[in-house]
Amino acid sequence: RAEWLLFLDSDMAFPRDTLNRLMAHGKDIVGANYPQRCHPFVMLGLASAGQDTSKQEGLIEMDHMPAGCLLIKMSVFEKLSRPYFRCPFDESGTITGEDYDFCERARDAGFTIYNDIDLAKEIRHIGVKEYAYDSEEVQKTMNDYAEKQKEFSTPPISISVLIPSRGRPELLKMTVLSLDHLASERNSITYCIAADIDDIPTHLAAQELMKISGNIKILRMDR
């Protein structure tokens with residue numbers, strides 16, 4: 001019985017060692033992202049929230065991956081119901097591709113999906129010509145999208161958190177570290193900690209957090 005299932009679309013051009021490179025990662029689901037082969041030439045995969053999309057090598061976690069170059073461990077299917085690939089409709093009546101639907105169900109089952117960035121730079125999606133990550137049309141679309149994101153991006157949200165920190169230094173540390181972990185941009189958060197002058201444990205905890213988080217202000221209160 002096979003241990004792996006490799007998807008390679010007939011309109012893909014790829015290196016001879018594609019299978020070996022994908023298997024070497026040892027991941028349940030890993031592939032190579034590639035662009036649409038017609039206008040607007042967008043990259044078809046979608047990175048997971050919080051991932052560094054400017055990363056130029058290695059692996060990156062994905063929410064959705066196209067299945068034109070995708071390697072899946074057969075054990076993944078044991079946790080999914082049949083049919084494994086289907087084309088459902090969303091609320092607007094638009095068809096969700098079978099590869100996107102598969103990725104959503106796989107993530108719901110606890111699997112992480114990866115894009116091999118190095119391999120993604122080498123594969124080609126064949127249309128009227130071969131389109132790739134570094135194709136002029138693809139780069140123009142990505143640059144245009146980045147500019148539009150700047151134009152329509154919403155201002156950062158400011159959140160104030162009041163923590164009863166006196167006698168609770170561990171609660172203070174746990175709260176700050178949890179918010180840092182959830183935030184997409186850690187540097188956009190400033191923590192203001194009101195601590196009594198004689199509350200030594202809170203001051204020590206705040207000093208320790210400064211080494212980790214950085215954007216911390218201590219407001220010394222005179223009781």
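Tutor: Start with Met 23. Leaving aside neighbours within four places in sequence, Met 23 is in contact with Trp 4 and Leu 71. The model is predicted, and every value here is computed from it.

Student: How far apart are Met 23 and Leu 71 in sequence and in space?

Tutor: They are 48 residues apart in sequence. In space they are 7.6 Å apart, C-alpha to C-alpha. Met 23 itself lies in helix H1, residues 18-24.

Student: Why is Met 23 called partly exposed?

Tutor: Its relative accessible area is 32%. Buried needs under 20%, and exposed needs over 50%. The value falls in between, so Met 23 is partly exposed.

Student: What makes the pair of Phe 7 and Phe 85 edge-to-face?

Tutor: First, a count: there are five aromatic pairs. In this one the ring centres are 5.3 Å apart, and a pair needs them within 6.5 Å. The planes stand at 65°, and edge-to-face requires over 60 degrees, so the label holds.

Student: Which parts of the chain does the pair link?

Tutor: Distant ones. Phe 7 is in strand E1, residues 4-8, while Phe 85 is in the loop between E6 and H2. They are 78 residues apart.

Student: How do you know whether Phe 102 is buried or exposed?

Tutor: Its relative accessible area is 0%. The limit for buried is under 20%, so Phe 102 is buried. Ring pairs also link Phe 102 into a cluster with Phe 7, Phe 77, Tyr 84 and Phe 85.

Student: Which other residues of H2 are buried?

Tutor: Asp 99, Asp 101, Cys 103, Arg 105 and Ala 106. Their cover includes strand E3 (29-31), E5, E6 and strand E7 (113-116).

Student: Which residues have the most contacts inside the largest nonpolar core?

Tutor: Among them are Ile 29, Met 65, Ile 72 and Phe 102, in a core of 16 residues. Strands E5 (59-64) and E6 (69-73) and helix H2 (98-108) each supply at least two of its residues. H2 gives the largest share, three residues.

Student: What does Ile 72 touch?

Tutor: Not counting residues up to four places away in sequence, its contacts include Trp 4, Phe 7, Ile 29, Phe 85 and Phe 102.

Student: What makes Lys 27 lie over the face of Tyr 114?

Tutor: Lys 27 is at 4.7 Å from the ring centre. The distance limit is within 6 Å, with an angle limit of within 35 degrees of the ring normal. Lys 27 is classed as lying over the face of Tyr 114.

Conventions. Residues are numbered from 1 along each chain as its sequence is written. This is a predicted model: local features need pLDDT of at least 70, side-chain atom pairs count only at pLDDT 80 or more; totals for chains, interfaces and linings use all residues. Side-chain values use heavy atoms; hydrogens and water are left out. A nonpolar core is a set of buried Ala, Val, Leu, Ile, Met, Phe, Trp, Tyr and Cys residues joined through side-chain atoms within 4.5 Å. Buried means under 20% relative accessible area, exposed over 50%, partly exposed in between (1.4 Å probe, protein chains only). Helices (H or I, at least four residues) and strands (E, at least two) are DSSP runs, numbered from the N terminus. Contact means heavy atoms within 4.5 Å. Rings of Phe, Tyr and Trp (its six-membered ring) pair if their centres lie within 6.5 Å; planes under 30 degrees apart count as stacked, over 60 as edge-to-face and the rest as tilted.
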